[in-house]
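Here are my notes on this model, for when you have it open. Have a look through it and then compare with the points below.

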Amino acid sequence: MREIVAVLDFGSQYAQLIARRIRELGVYCEIVMHDISAEELGAMHTKALVLSGGPASVLEENHPDMDPRIFEMGLPMLGICYGMQLIGAMLGGTVESAHGREYGPAAIDIDSPSGLFEGLPKRLDVWMSHGDHVTKAPKGFTTLAHTPQVIAAMGDADRRIYGVQFHPEVVHTPKGAEILKNFLFSIAGCAGGWTMANFIEESVARIRSTVGTDHVICGLSGGVDSSVTAALLHKAIGSQMTAIFVDNGLLRAGEVDEIRHMFTQEYPLNLDIVNAREQFLFNLKGIIEPEAKRKSIGKTYIDVFYGEAERIGGAKFLAQGTLYPDIIESRSAKGGPSATIKSHHNVGGLPKDLKFELIEPLKELFKDEVRVLGRELGLPESLLNRQPFPGPGMGVRILGEVTKENLAILQEADKRVQEEIRTYDGYKDIWQSFAVLLPVKSVGVMGDERTYANVVAIRAVHSVDGMTADWVKLPYDVLARISSRIINEVKGVNRVVYDISSKPPSTIEWE
Ligand code: XMP
């Protein structure tokens, strides 16, 4: 029987990070809703539970809670932050509101060096982020660690129930992985050994049983996420999947040919390339507002998918390469209260009455995990190391109305950015680099002539998962070549600027 750890999600931005850390330790992990019933959990054959943090307070009425019968299942349990407070409150301890939030680095002193803190120093640096805290541990629990202000960890070794007030899953808790490891292996008795190869096996089995004898269409953008999704489906169901590459006209120069070559020659699969350039442009006519653009592009994609599904004789499922960060920024992962930053087209733009059932096999993963998965599936490095390219493409890199003329200018400018930036030694460490067409004109002089033309911004960022980013300190000579080539070679541009903003507070794309 496969070993599963379940993370009960109480609306934390970090729930997925917890799952990821557990996977990194070689234990399969799934995120489930916090109100899952004891029966459902039992049916999953869960080996251990982790209760995530969350923005609510157990002192509020109607706070998210869990089925109390879960405590009777005898499962090892680790509550993190809100999770610890909930355990405290549900088992008869006392939780109180702190005077103000405690946020950021803290040092905790270990009172009990065995179990959760086995093999760790007496004092640990941790990351705190909470408003409430447990002031009296429930009966049967002892304090395992403290700060001058709070009980930092508590546990009942007999029942194998533990709580930590800090966040072991974030990098700012340097020994966090060891604490999780102690919980999983010493306390919960997990065996470990899970790898991405297992993920493939499990996904293949799941896809086959979901799809049965039906047909799946898979939106293929040529980016890493959708390519890995298509490869996974291809492995699972072969020709029952049609990968649809939509030429929406918002692509980088040369992209269609690259994709055709990749998926007919290098990694052949059932590929269908649809030219829908006019349809996208027509629907974008007159739209300026970024969210409206995203919605329009998302809707046109769906229309194209409907058309193609019909053409190939029907499809019950639509597969997409949605990743975890796409979900968390478009809406909360499991209906929790995190804010919408941008509606990524493959998440936020879907119609309510979508005629397909969705298959999103990567939705619990981060980008770097997807690359590992792709490697495991045998996709070429050239594809796996491609920079991410947003679904709405140049639609969100042309500020203002998207027109044929603007698209031509941006494609030409972007091509020069790509060509020149590749000469930079640090290119392979760049997360994304691209051109953006600004909706302003500026005055210039070319020869003896006055010009009044477009401004192009260059964006190049370092990032690990797209959630945060910093601008790349590109050498001046690289910037100079990009600028001079664009201004000299691209008609309609007389000024180039470099974007030096980080995310947050900016975002990577301009729209
Ligand atoms: P932002 O601009 O939100 O971008 O900082 C974070 C990462 O997500 C990509 N991105 C998208 N990808 N559909 C996608 O498939 C979208 O609508 C979308 N919007 C942004 C962006 O390129 C960056 O890598």
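The points below go from the domains to their contact and then to one helix.

1. Before you start: this is a predicted model, so to speak, with local features needing pLDDT of at least 70 and side-chain atom pairs counting only at pLDDT 80 or more, while totals for chains, interfaces and linings use all residues. Residues are numbered from 1 along each chain as its sequence is written, and side-chain values use heavy atoms, with hydrogens and water left out.

2. The contact (heavy atoms within 4.5 Å) between domain 2 and domain 3 takes 18 residues from domain 2 and 15 residues from domain 3.

3. Domain 2 and domain 3 bury about 1300 Å² between them, with 62% of it on carbon and sulfur atoms; buried area is the accessible area (1.4 Å probe) that two parts lose on being put together, summed over both. On the domain 2 side, A253, L281 and K293 supply 29% of the area buried against domain 3, more than any other three residues.

4. You'll find 1 salt bridge between domain 2 and domain 3 (a side-chain nitrogen of Lys or Arg within 4 Å of a carboxyl oxygen of Asp or Glu). The side chains of K404 and E278 also meet in a salt bridge, at 3.2 Å, N to O.

5. Helix α14 (residues 404-421) has 18 residues and reaches 26 Å from its first C-alpha to its last. Its buried residues (under 20% relative accessible area, 1.4 Å probe, protein chains only) include L407, L410 and V417.

Note on methods: Helix = DSSP H or I, 4+ residues; strand = E, 2+ residues; numbered from the N terminus. Expected span 1.5 Å × (residues − 1). Buried < 20%, exposed > 50% of the residue type's maximum accessible area, 1.4 Å probe, protein only.
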